[in-house]
Amino acid sequence: MPDMQLTVDFRSDTITKPTPAMLEAMMNAKVGDDVFGEDETVNALEEKAAAMFGMEAGLFCPSGTMTNQIAIKCFTQPMDELIADQTAHVYRYEGGGIAFNSGVSTRLLNGYRGILTADMIAPEINADNIHYPHTSLVVLENTVNKGGGSCYTLEQIKPIAELCRQHDLKLHLDGARIFNAITHTGDSAADYGKYFDGISVCLSKGLGTPVGSVLLADKDTIKKARRIRKVLGGGMRQAGFLAAAGIYALDHHVERLKTDHAHAHILADELSQCDWVTHVMPVETNIVLFDTIEPADLIVARLVEQGVKCGTTDKHRIRFVTHLDVHADGIEYTVKVLKGL
Ligand SMILES: *Cc1c(COP(=O)(O)O)cnc(C)c1O
């Protein structure tokens, strides 16, 4: 075991705490009542995020679950069906919200690490027949959380968007980690608006804010979304204190994501040398998934004893997520712990 014990927390990129500079930006925010539309910092964040992605308008919400669920509600009618990968966050980790909030059924596909193609989607679009639910929406995730941070490029998205247009389907992006995807692929955020009807961007993942996500779409959709947010209890008052953290993050925490990706690669390289590891999934962004000979719970317990916190995603699978609060010394320390395990 290394001489000095550190605590390094790889459980999620949601655990980050605001930096002193982010806190200062929050403290200095000009605020108002956002339900009255009078919080200038919230308005500024919504406009800024929309402009970055080439969309008309934005809506600041407490969580990515809410932005996704509002988008699904905007883009469907009860009895419709949406298409998503079987690992999709909107289906697996949003508490059955698709059925509860929108009365919509879900057609699940088997993408490669959560990545779908137009060829996979096309045969799953229902014909116009009263027996079948009406297919109205496709949801993509970028990066794919359960896929181990796998990415779509815009080249891969284009034919899906084209297919959706041909069949009059809406296309929504769960972009909880869209900036990680863009950092990896080199695509431009501004081009995303050409292909998606809705985009959800999380500020509280890799970008490191304490709270918040933005939903981006055209003006009419955002107007409807604002009404749905109110129904869900998501209308916040002086939310500018939170939005200020979002603006700060968009200005200062996007560029640094490449550090998180580099850290993830270092961990993956070390893990692939470990004889207690059977397989390491290819790393694209800030998530490392790997399989262990022994039950994952046992390994995680041993790592936690040495200050390395992480989680399991399966009986023999462990997940490490790198983020803003993991620094080079934490990576160095973790590599030593992994070597000694
Ligand atoms: C975290 C996450 C969300 C949103 O989660 P909240 O905790 O509700 O903000 C949505 N999609 C994916 C892929 C995520 O990882």
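# Close-up views of the predicted model

View 1. Just past the end of H8, Gly186 has a positive phi of about 80 degrees. Helices (H or I, at least four residues) and strands (E, at least two) are DSSP runs numbered from the N terminus. This is a predicted model, with residues numbered from 1 along each chain, where local features need pLDDT of at least 70, side-chain atom pairs count only at pLDDT 80 or more, and totals for chains, interfaces and linings use all residues. Side-chain values use heavy atoms, without hydrogens or water.

**View 2. Buried residues of H8 and their surroundings.** Look along H8 for Ile178, Phe179, Asn180, Ala181 and Ile182, which are buried (under 20% relative accessible area with a 1.4 Å probe, protein chains only; exposed is over 50%, partly exposed in between). What do the buried residues of H8 pack against? Their partners are the helices H2 (40-52), H9 (189-192), H11 (240-252) and H12, together with strands E6 and E7; contact means heavy atoms within 4.5 Å.

View 3. A cavity is a set of points on a 1 Å grid over the protein atoms alone where a 1.4 Å probe fits but cannot get out, and lining residues have an atom within 4 Å of a point. Around the cavity you will find Ala176, Arg177, Ile178, Phe179, Asn180, Cys202, Lys205, Gly206, Leu207 and Leu257. By class, the lining has six nonpolar, two polar and two charged residues (Ala, Val, Leu, Ile, Met, Phe, Trp, Tyr, Cys and Pro are nonpolar, Asp, Glu, Lys and Arg charged, and the others, including Gly, polar).

**View 4. Strand E3 and its two partners.** Six of the six residues of E3 are buried, leaving the strand mostly covered. Asp80, Leu82 and Ala84 point one way, while Glu81, Ile83 and Asp85 point the other way. Four bridges pair E3 with E5 in the parallel sense (two strands pair if DSSP finds at least two bridges between them). Ile83 has Val138 in E5 as its bridge partner. E3 also runs parallel to E4, joined by five bridges, and here Ala84 is partnered by Leu108.

**View 5. The seven-stranded sheet.** Seven strands form an open sheet in the order E2-E8-E7-E6-E5-E3-E4, with mixed pairing. At the edges lie strand E2 (57-61) and strand E4 (105-109), each pairing on one side only. Ignoring direction, neighbouring strands are turned by 20 degrees against each other on average; axes are lines fitted to C-alpha atoms (for helices, over the stretch in contact), and angles between N-to-C directions run from 0 to 180 degrees. Within the sheet, strand E5 (residues 134-141) and strand E6 (residues 170-175) are parallel, with five bridges. Val139 meets His172 of E6 as its bridge partner.

**View 6. Helix H3 and Cys74.** Helix H3 (residues 64-75) lies across E2, strand E3 (80-85), E5, E6, strand E7 (198-202) and strand E8 (213-217), at about 25 degrees to E8. Cys74 is found in this helix. Why does Cys74 count as buried? Because its relative accessibility is 9%. Apart from neighbours within four places in sequence, Cys74 is in contact with Thr221, Lys224, Ala225 and Ile228. Met52 is 22 residues from Cys74 along the chain, and their C-alpha atoms are separated by 22 Å.

View 7. Three bridges link E12 to strand E13 (residues 317-321) in the antiparallel sense, and Thr312 stands opposite Ile318 in E13.

Technical notes:
On a 1 Å grid over the protein atoms alone, a cavity is a set of points where a 1.4 Å probe fits but cannot get out, and a pocket is an open set with protein on both sides within 12 Å along at least five of seven lines; lining residues have an atom within 4 Å of a point.
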